[in-house]
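The notes follow the order in which I looked things up.

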Amino acid sequence: MAKTKELSKDTRKSIVDLHQTGKSESTISKQLGVKKSTVGAIIRKWKTYKTTDNLPRSGAPRKISSRGVKMIMRTVSKDPRTTRGDLVNDLQRAGTKVTKVTISNTLQRQGIKSRSARRVPLLKPVHVQARLKFAREHMDDTAEDWENVMWSDETKVELFGINSTRRVWRKKNTELHPKNTIPTVKHGGGNIMLWGCFSAKGTGRLIRVKDRMNGAMYREILSQNLLPSVRTLKMKRGWVFQHDNDPKHTARATKEWLRKKHLKVLEWPSQSPDLNPIENLLKVRVARQQPQNITALEKICMEEWAKIPATVCANLVKTYSKRLTSV
């Protein structure tokens, strides 16, 4: 069927004017040469909306009913790792056939997008309480307080980059909700062990630890690398040293060494690598380079560490309060 030509604005106005003078729809139709059904439609629109202009169109109806949307939201809220295919099948069983794209669009209208799941430590109740205590005690610390911390860590870097990711459906700023994360254990895989430190002023030294580290080796690393890094970065008097609760760090001999060096140590909750901003500095940069052997991996680690701008370190420390808020 051919598409009918839309009436001009003047013709529509004439229909309304003639109607207001008391003319019938048949008379108006004959006088203006317009179909009676069209005249009736124009008059009804004018009576309802007080205008004959084209109204905004609502577009195609949603393929998923409000009940279907609620079902989808319940499913992804209960299990954020649900796939689009699972949701398509759920709806199909309920009598609604849709595509994966429709599922994505529907969830996005509800403020939910598919994002990579964060990897976080596997936490026991005692760890949760310790982390909460740490966050509450330091929520009021100033940016200047955190700028005076020398952060450190030992980490294993894998030859073929970061482990594969899992995706979850979540709203913005909910990346650390337990349902949206992947629990990890501290010592899992990896090819070379590194020790490094940094502060808001920039990166300190980064070294490869080739042998199995014990307390004596750890204290030697601190002596040969931590203290020179403090001098190079010109840390203020009263600076604070951060390391985690690894047994080598909490050993009596290590505590005594720190005491003799008059180093103030930040009390640290176990299973909290996500609270240490050093975690963000190196691994992603190395993974982008895709090293193919251990020698190349070590070389790239050292090169990428040396290239990290002081501004990146400063920004990580500046936004530290956000980590505490997440906890």
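I started with helix α1 (residues 9-20) and helix α2 (residues 25-32) in this predicted model. Their axes come within 10 Å and cross at roughly 140 degrees. Angles over 145 degrees would count as roughly antiparallel, so I noted α1 and α2 as oblique to each other. The crossing of α1 past α2 is right-handed. I then listed the contact: α1 contributes T11, S14, I15, L18 and H19, and α2 contributes I28, Q31 and L32. By class, the residues of this contact are four nonpolar, four polar and no charged.

Next I looked up α1 against helix α3 (residues 36-49). The axes are 10 Å apart, and the packing angle is about 80 degrees. The range for roughly perpendicular is 65 to 115 degrees, and α1 and α3 are therefore roughly perpendicular to each other. On the α1 side I found R12, I15, V16, H19 and Q20; they meet V39, I42, I43, W46 and K47 of α3. The residues of the α1 contact with α3 split into six nonpolar, two polar and two charged. I15 and H19 of α1 are listed in the contact with α2 and also in the contact with α3.

I then turned to helix α5 (residues 84-93) and helix α6 (residues 100-109). Their axes are 9 Å apart and the angle is about 100 degrees, so α5 and α6 are roughly perpendicular to each other. R84, G85, L87, V88 and L91 of α5 make the contact with K100, V101, I103, S104 and L107 of α6. I counted the classes here as six nonpolar, two polar and two charged.

The last item was the sheet. In what order do the five strands of the open sheet run? I wrote down β7-β6-β3-β8-β9, with mixed pairing. β7 (202-209) and β9 (264-265) are at the edges with a single partner strand each, so one side of each has no neighbour in the sheet.

I followed the pairing strand by strand. β3 (residues 149-157) and β6 (residues 192-199) run antiparallel and are joined by seven bridges. W151 has F198 in β6 as its bridge partner. β6 and β7 also run antiparallel, with six bridges between them. In β7, T203 is the bridge partner of F198.

Definitions and conventions. Residues numbered from 1 in each chain as written. Predicted model: local features only at pLDDT ≥ 70, side-chain atom pairs only at ≥ 80, totals over all residues. Heavy atoms only, no water. Pairing = 2+ DSSP bridges. Helix = DSSP H or I, 4+ residues; strand = E, 2+ residues; numbered from the N terminus. Axes fitted to C-alpha atoms, helices over the stretch in contact; angles between N-to-C directions. Parallel < 35°, antiparallel > 145°, perpendicular 65-115°, else oblique. Left-handed = near helix turned anticlockwise from the far one by under 90°. Contact = heavy atoms within 4.5 Å. Nonpolar A, V, L, I, M, F, W, Y, C, P; charged D, E, K, R; others polar.
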